[in-house]
Each structure stands twice: as C-alpha cells, then as structure tokens.
Amino acid sequence: MELARIENLLEKYFEAATTIKEEAVLKEFFAQEEVPAHLLKYKEMFNYFNDSALETSSKSIKLKRSTLSINTISIKWLAIAAMFIFSIGMYGVYQQNEAEKQEARLAYMETQKALELISSSLNKGTGAIAQLDNFNKGTEAMAQLRTFESTQNKVFN
C-alpha cells in the first residue's frame, strides 16, 4: 500500500500537482537506505535536491555606490512625476464630476418647470369641476321639487 502511494505521489510530482506535504513525504521516503530497485533513479534526484539545499556561498558581493545614487535620484524624480500625473488625473476626474453635477442640476430645473406647467394645466381643469358642484346643488333642488310635485298630486287627486 505504501509503495503504491509513493508511486502515485511520484506521478503527481512530475505533473507538478503535489502539495508541499506530499513532497516532504517523497523526500522522506527517498532518504531511507532501502528503496525498491525500480525507484532508485528517483532516490539520486531527491538526494541531490536535499544536498543542494544545504549549499551556501561565501563570496561577498560588492555594489557600486555611484550607480546606486544615480538610481535613487532617478527613482525620486520618477516618484515626483508619478505624483504630478496622479494629481492631474484626479483634477480631471473632479472637473468631470462637477460638469455632471451641473448637468444634473439643469435637468432637475427643466423637469421642475415641466411639472409646474402640468400642475397649472391640471388646476385649470379643477375650476370646471367646481362648476359641477353647482350643478349638483341644482339637481338636488330639482329632486325636492319633484317630491313636492308628487305630494301635491296626491293631495289634489
């Protein structure tokens, strides 16, 4: 069972699909002294990786001062230029936002004018409806006359 698991892990390893824990299992397996004969070629590879991880270098690296100062100065100028460009961009966005606000205000005022016009037109129609109220009063008076007339007919008949 263990050998089948190791072979599956090797397949995953060569497909670059193993996790760090699975690779640690492989390293631990190939660090043993007894490895099956058909897997001996992989033992050398994993032992090489372990040995190369322990290698260190004692060589010192010297950096030139003149190139560092020139690079630092140019980095400072690049940062200043980037800030300047960023500021210009933000100002442009602010101006565009202000223009959109102004357009929205104008649209609001035009809509308000249109609604006032509709309101005044509707209010003119309510004056005619008030005349209907007078008509209703007249029809009520006519209804009382009919009642009087029917009573009168009963009395005289």
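Is lysine 12 buried, partly exposed or exposed, and at what relative accessibility? Lysine 12 counts as partly exposed, because its relative accessibility is 30%. With that residue as a starting point, let us walk through the structure, keeping in mind that this is a predicted model.

First, the overall plan. Of the 157 residues in the chain, 8% are buried.

Now to helix α1. This helix has 13 residues, and at 1.5 Å a residue they should span 18 Å; the C-alpha atoms at its ends are 19 Å apart, which agrees. Among the residues of α1, Ile6, Leu9 and Leu10 are buried. Looking down the axis of α1, you would find its buried residues within an arc of 105 degrees, so they line one face of the helix.

Follow the chain onward and you come to alanine 16, in the loop between α1 (2-14) and α2 (20-30). Just after α1, this alanine takes a positive phi of about 60 degrees. Most residues other than glycine have a negative phi. Alanine 16 also counts as exposed, because its relative accessibility is 71%.

Lysine 12 forms a salt bridge with glutamate 22, and the closest N and O atoms are 2.8 Å apart. Lysine 12 lies in helix α1 and glutamate 22 in helix α2, so this pair ties together parts that are 10 residues apart in sequence. How much cover does each partner have? Lysine 12 is partly exposed, whereas glutamate 22 is buried, because its relative accessible area is 18% and the cut-off for buried is under 20%.

Aromatic rings come next. The count of aromatic pairs comes to 4. In one of them, the rings of phenylalanine 29 and phenylalanine 30 have centres 5.2 Å apart and planes at 80 degrees, so the pair is edge-to-face. Phenylalanine 29 and phenylalanine 30 are both buried. Ring pairs also link Tyr13, Phe14, Phe29, Phe30 and Tyr42 into a cluster.

The last stop is helix α4, which covers residues 65-156. Tryptophan 77 has its place in this helix, and it is exposed, because its relative accessible area is 60%. Together with Ile73 and Ile80, Trp77 makes a nonpolar surface patch of about 360 Å².

Helix α4 also holds salt bridges. Across the whole structure, a search finds 3 salt bridges. One of them joins glutamate 98 to lysine 101, with the closest N and O atoms 3.8 Å apart. These two are separated by about one helical turn, because they are 3 residues apart in helix α4. Glutamate 98 is partly exposed at 26% relative accessibility, and lysine 101 is partly exposed with a relative accessible area of 39%. Another salt bridge pairs glutamate 110 with lysine 113, whose closest N and O atoms are 4.0 Å apart. Glutamate 110 and lysine 113 likewise both lie in helix α4, 3 residues apart, or about one turn of the helix. Both glutamate 110 and lysine 113 are exposed.

How values were computed. Residues numbered from 1 in each chain as written. Predicted model: local features only at pLDDT ≥ 70, side-chain atom pairs only at ≥ 80, totals over all residues. Heavy atoms only, no water. Patch = residues over 30% accessible without salt bridge, like charges linked within 9 Å, V, L, I, M, F, W, Y side chains within 5 Å. Areas by Shrake-Rupley, 256 points an atom, 1.4 Å probe, with all protein chains shown as cover. Salt bridge = Lys/Arg side-chain N within 4 Å of Asp/Glu carboxyl O. Helix = DSSP H or I, 4+ residues; strand = E, 2+ residues; numbered from the N terminus. Buried < 20%, exposed > 50% of the residue type's maximum accessible area, 1.4 Å probe, protein only. Phe/Tyr/Trp six-rings, centres within 6.5 Å; stacked < 30°, edge-to-face > 60°. Expected span 1.5 Å × (residues − 1). Arc of directions from axis to C-beta.
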